[in-house]
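Please look through the structure below with this note beside you.

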Amino acid sequence: MASEQQVKEYLAYWFQLGKKVLLHNGREIILPQPVFEGDRYSAKFENCWQKILAREGKNCYLEGTNQTIEQLLAPTWDVTSCARCGMPVPTIDLGMQPLSCPCDDLNNWPNCELPRPRSAVNSQAHLGRIQNRLSQNRES
Ligand SMILES: [Zn+2]
């Protein structure tokens, strides 16, 4: 199960690559820009996140994915790193690899020349967490 914080980061990362979030099964489409103001999430991003939380993620999903935010916050799903690009992706929590990553339809991604999407919170701790998880996955 992904924590709210993880799901929030997941959206923030993909927003930085121009992916949108679809609400009400696509009747409302949001791409908050900018994602950050200084070191914090922008008011626009926070507004968008509150909208999603207000409906518990029901019928809200990231463009290019089939998993609703509601599913990501439920026990069967988790958010892990894509093996190809390292971006956070929905994973079914059975120790399986992600079925697909939203990066599938980005032609210019991964791209080492672009700045990596980042998180507003302490990114060093975040990276540490990803590394921990990767090593755990390898051991199991
Ligand atoms: Zn990917």
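1. **Elements.** The protein chain holds four helices and seven strands. Both are DSSP runs, numbered from the N terminus: helices are H or I with at least four residues, strands are E with at least two. Read from the N terminus, the order is α-β-β-β-β-α-β-α-β-β-α.

2. **What kind of model.** This is a predicted model; local features need pLDDT of at least 70, side-chain atom pairs count only at pLDDT 80 or more, and totals for chains, interfaces and linings use all residues. Residues are numbered from 1 along each chain as its sequence is written, and side-chain values use heavy atoms, with hydrogens and water left out.

3. **The chain as a whole.** Of the 140 residues in the protein chain, 41% count as buried. Buried means under 20% relative accessible area, exposed means over 50%, and partly exposed lies in between (1.4 Å probe, protein chains only). The accessible surface of the chain is about 8100 Å², and 50% of that belongs to carbon and sulfur atoms. These areas come from the Shrake-Rupley method with a 1.4 Å probe; for residues, only the protein chains shown count as cover. Now take contacts between residues at least 6 apart in sequence: 56% of them join residues at least 24 apart. A contact means heavy atoms within 4.5 Å.

4. **Helix H2, its length.** Helix H2 covers residues 43-54, twelve residues in all. At 1.5 Å a residue it should span 16 Å, and its end C-alpha atoms are 16 Å apart, which agrees. The expected span is 1.5 Å times one less than the number of residues.

5. Which residues of H2 are buried? They are Phe45, Cys48, Trp49 and Ile52. Seen down the axis of H2, these buried residues fall within an arc of 100°, so they line one face of the helix. The arc is that of the directions from the helix axis to the C-beta atoms. An α-helix has 3.6 residues a turn, so residues three or four places apart point the same way. On the other side of H2, Asn47 and Ala54 are exposed.

6. **What H2 packs against.** After H2 comes Glu56, with a positive phi near 50°.

7. Gly57 lies in the loop between H2 and strand E5. Is Gly57 buried or exposed? Its relative accessibility is 0%, so Gly57 counts as buried. Leaving aside residues up to four places away in sequence, Gly57 touches Ile52, Thr68, Ile69 and Glu70. Gly57 and Gln71 are 14 residues apart in sequence, and their C-alpha atoms are 7.8 Å apart in space. Asn59 is also placed in the loop between H2 and E5. Its phi is positive, near 55°, though Asn59 is not a glycine. At 38% relative accessibility, Asn59 counts as partly exposed.

8. **Gln67.** Gln67 sits in the loop between E5 (61-62) and H3. Gln67 is buried, with a relative accessible area of 15%. It touches Cys60, Tyr61, Leu72, Trp77 and Pro90, not counting residues up to four places away in sequence.

9. **The zinc site.** Which protein atoms are the donors of the zinc ion? They are the SG atoms of Cys82, Cys85, Cys101 and Cys103, lying 2.2 to 2.3 Å from the ion. Donors are N, O and S atoms within 2.8 Å of the metal (3.2 Å for Na, K and Ca); water is not among the atoms, so sites may look incomplete. Along the chain the donors follow the spacing C-x2-C-x15-C-x1-C. The four donor atoms subtend angles of 92 to 128° around the zinc ion, which makes the arrangement tetrahedral. Four donors count as tetrahedral if all angles lie between 85 and 135 degrees. Cys101 is buried at 5% relative accessible area, and Cys103 is buried at 1%.

10. **Backbone exceptions.** Most residues other than glycine have a negative phi, and most peptide bonds are trans. Asn25, in the loop between E1 and E2, has a positive phi of about 55°. A cis peptide bond joins Gln33 and Pro34, with omega about -5°. Another cis peptide bond joins Trp109 and Pro110, where omega is also about -5°.

Key:
Tetrahedral: all angles 85-135°; square planar, octahedral: opposite > 155°, others 65-115°.
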